[in-house]
Amino acid sequence: MMARFRGMAAGIFAGICLTLVSFAAIAAETASEVDVTEYGGAEHSGGMPQLDVSTYSSQVVWLVIFFVLLYQVVSKLALPQLTEVIRQREERISGDLDKAAELRAEAEAAYSRYEADLADAHARAQLRIKELRERIAEEQAARLAELDTSMAEKIAAAEQRIGKARETAMAEVEGAAVETAQAAIERLIGSKVGRDEVERALQAVVKREAA
Amino acid sequence: MAGPLEQFEVKPIMTMVFEPLGLNMSFTNSALFMAVGVGIAAWLFKRGLEGASLVPTRLQSICEMLYEFVRGMVLDNVGKEGLRYLPAIMTLFLFILLGNLIGMIPGTFTYTSHIVVTLFMGVCVIIAVTVIGLARHGTHFLSLFAPSGVPMFIYPLLIPIEIVSYLIRPFSLAMRLAVNMTAGHIMLKTFGGFVIAMGIFGILPFLVAVGLIGLEIIIACLQAYVFAVLSCIYLNDAINLH
């Protein structure tokens with residue numbers, strides 16, 4: 001590509017030189033004519049200085065010289081540095097953008113990791129709470145059952161005690177009734193009646209009443 | 001008082017003659033301001049780009065804007081292939097732009113107002129474009145003068161027109177630039193003359209001249225752009241035959 005460019009440049013330069021020579025030839029010819037007749041006639045007659053052909057050759061010569069100089073300035077001094085600094089800037093910007101994208105991906109990964117951890121912790125906590133609740137419920141049930149049985153035992157014992165107490169109380173009531181009946185009979189008839197006789201009579205009465 | 005055309009006179013500063021051809025190659029005011037233009041460009045790129053950094057200084061920004069502008073122009077009008085000729089297009093643009101802008105300073109000489117300068121540049125552009133086209137496409141390049149998709153019987157008419165329009169390109173390039181510069185400067189000079197001649201009422205042409213200077217600066221930039229962009233379009237014709 002460089003060689004080809006050189007070739008092009010050489011072609012352009014050759015073209016410039018060709019044109020320059022032809023212009024120079026024309027200018028030289030006309031200049032000599034003008035010299036003979038009236039140099040700078042255009043100025044004095046109020047014509048346009050642009051049409052004064054005697055100046056053409058020098059203008060073209062210096063145009064070529066300074067154009068080539070400017071071409072050197074542009075191609076050797078300006079363009080290489082400009083392309084370099086702009087390339088560096090683009091590289092830097094794209095590099096920074098890449099790094100930013102990388103950091104962003106990292107941050108996103110960290111965030112999703114954090115969220116996963118959080119969800120995990122939540123799940124574990126829920127599990128623990130559930131377990132605990134179940135255990136408490138079990139313990140409560142067991143304790144309630146225990147309480148039930150012990151209460152039942154106690155109730156049974158108490159019932160037994162009450163039954164016994166009632167029996168003794170009944171026996172005592174019977175004894176008291178017999179004694180009372182004895183005392184009443186003694187008062188009524190003035191003689192002591194045998195204890196067994198009174199008992200029998202009372203039991204007969206109780207039986208009759210019950211029937 | 002000096003006439004409006006005096007500013008275009010080419011005055012020798014140092015008379016030089018190339019003896020073998022009898023060629024007048026005097027260093028003139030025209031050459032002086034070409035040198036000033038090249039000097040400004042060299043100074044701008046030297047100062048602007050020494051220690052060029054990622055964060056540009058003001059001068060570096062100017063250099064980069066010029067570069068991006070011309071590069072965009074070449075890319076838009078020619079495409080990636082045209083970037084090989086970026087230095088040439090950029091030189092052309094800068095040479096004309098600097099000539100036009102230096103000419104806006106009173107007392108200076110506008111070398112782009114001379115038809116011989118612009119015509120020489122135009123001829124070189126066309127020769128270069130033709131050489132590039134012939135080098136790339138060989139004789140196929142001549143199909144530029146015979147656009148496809150045209151009825152057969154039109155060709156005898158069309159081909160001469162195409163050839164004439166191709167050959168006239170350097171003249172249209174040259175005339176456009178030189179005449180714009182010349183006309184603008186004549187107008188400014190004329191209004192400047194009125195300012196003095198009209199005494200106290202000179203304020204009116206003075207205000208007009210102030211407006212005209214703004215307009216002329218726009219035209220100075222615009223004509224440099226037009227010359228460069230048309231060169232790009234001609235280059236595009238040579239590189240990507242339609």
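This is a predicted model: local features need pLDDT of at least 70, side-chain atom pairs count only at pLDDT 80 or more; totals for chains, interfaces and linings use all residues.
Student: How many salt bridges does the structure hold over all chains?

Tutor: A salt bridge here needs a side-chain nitrogen of Lys or Arg within 4 Å of a carboxyl oxygen of Asp or Glu. Counted in that way over all chains, the salt bridges in the structure number eight.

Student: How far apart are the closest N and O atoms in the salt bridge of A:Arg87 with A:Glu91?

Tutor: Both A:Arg87 and A:Glu91 belong to helix H3 of chain A, where they are four residues apart, about one turn of the helix. A:Arg87 is partly exposed at 39% relative accessibility, and A:Glu91 is likewise partly exposed, with a relative accessible area of 47%. The closest N and O atoms of this salt bridge are separated by 2.7 Å.

Student: Why are A:Arg92 and A:Asp96 separated by about one helical turn, and how far apart are the closest N and O atoms of their salt bridge?

Tutor: The two are separated by about one helical turn because A:Arg92 and A:Asp96 are four residues apart in helix H3 of chain A. A:Arg92 is partly exposed, with a relative accessible area of 49%, while A:Asp96 is partly exposed with a relative accessible area of 38%. In their salt bridge, the distance between the closest N and O atoms is 3.5 Å.

Student: Turning to chain B, how many residues apart are B:Arg136 and B:Glu81?

Tutor: The side chains of B:Arg136 and B:Glu81 meet in a salt bridge with an N to O distance of 2.8 Å. This pair links distant parts of the chain, since B:Arg136 is in helix H4 (residues 115-137) of chain B and B:Glu81 is in the loop between helix H2 (58-77) and helix H3 (86-102), and their separation is 55 residues.

Student: Is B:Glu81 buried, partly exposed or exposed?

Tutor: Partly exposed covers the values between under 20% for buried and over 50% for exposed. B:Glu81 has 36% relative accessibility, so B:Glu81 counts as partly exposed.

Student: Which side chain of opposite charge is nearest to B:Glu216?

Tutor: B:Glu216 is placed in helix H7 (residues 203-239) of chain B, and among the residues that B:Glu216 touches are B:Met104, B:Asn180 and B:Leu188. B:Glu216 is buried yet has no salt bridge, and at 14 Å away the nearest side chain of opposite charge is that of B:Arg176.

Student: Which residues gather with A:Glu134 in a patch of negative charge on the surface?

Tutor: A:Glu134 is found in helix H3 (residues 56-189) of chain A, and A:Glu134 is partly exposed, with a relative accessible area of 47%. The residues that gather with A:Glu134 in this surface patch of negative charge are A:Glu131, A:Glu138 and A:Glu139.

Student: How far apart in space are A:Val198 and A:Val178, C-alpha to C-alpha?

Tutor: A:Val198 is found in helix H4 (residues 195-210) of chain A, and A:Val198 is buried, with a relative accessible area of 4%. A:Val198 touches several residues, including A:Val178, A:Ala181 and A:Ile185. Although A:Val198 and A:Val178 are 20 residues apart in sequence, their C-alpha to C-alpha separation in space is 6.2 Å.

Terms used. Residues are numbered from 1 along each chain as its sequence is written. Chains are lettered from A and ligands numbered from 1 in the order in which they are written. Side-chain values use heavy atoms; hydrogens and water are left out. Patches are made of residues with over 30% relative accessible area and no salt bridge: like charges are joined within 9 Å, nonpolar side chains (Val, Leu, Ile, Met, Phe, Trp, Tyr) within 5 Å. Accessible areas come from the Shrake-Rupley method with a 1.4 Å probe; for residues, only the protein chains shown count as cover. Lys and Arg count as positive and Asp and Glu as negative; His and the chain ends are not counted. The place of a charge is taken as NZ of Lys, CZ of Arg, CG of Asp or CD of Glu. Buried means under 20% relative accessible area, exposed over 50%, partly exposed in between (1.4 Å probe, protein chains only). Contact means heavy atoms within 4.5 Å. Lists of a residue's contacts leave out its neighbours within four places in sequence.
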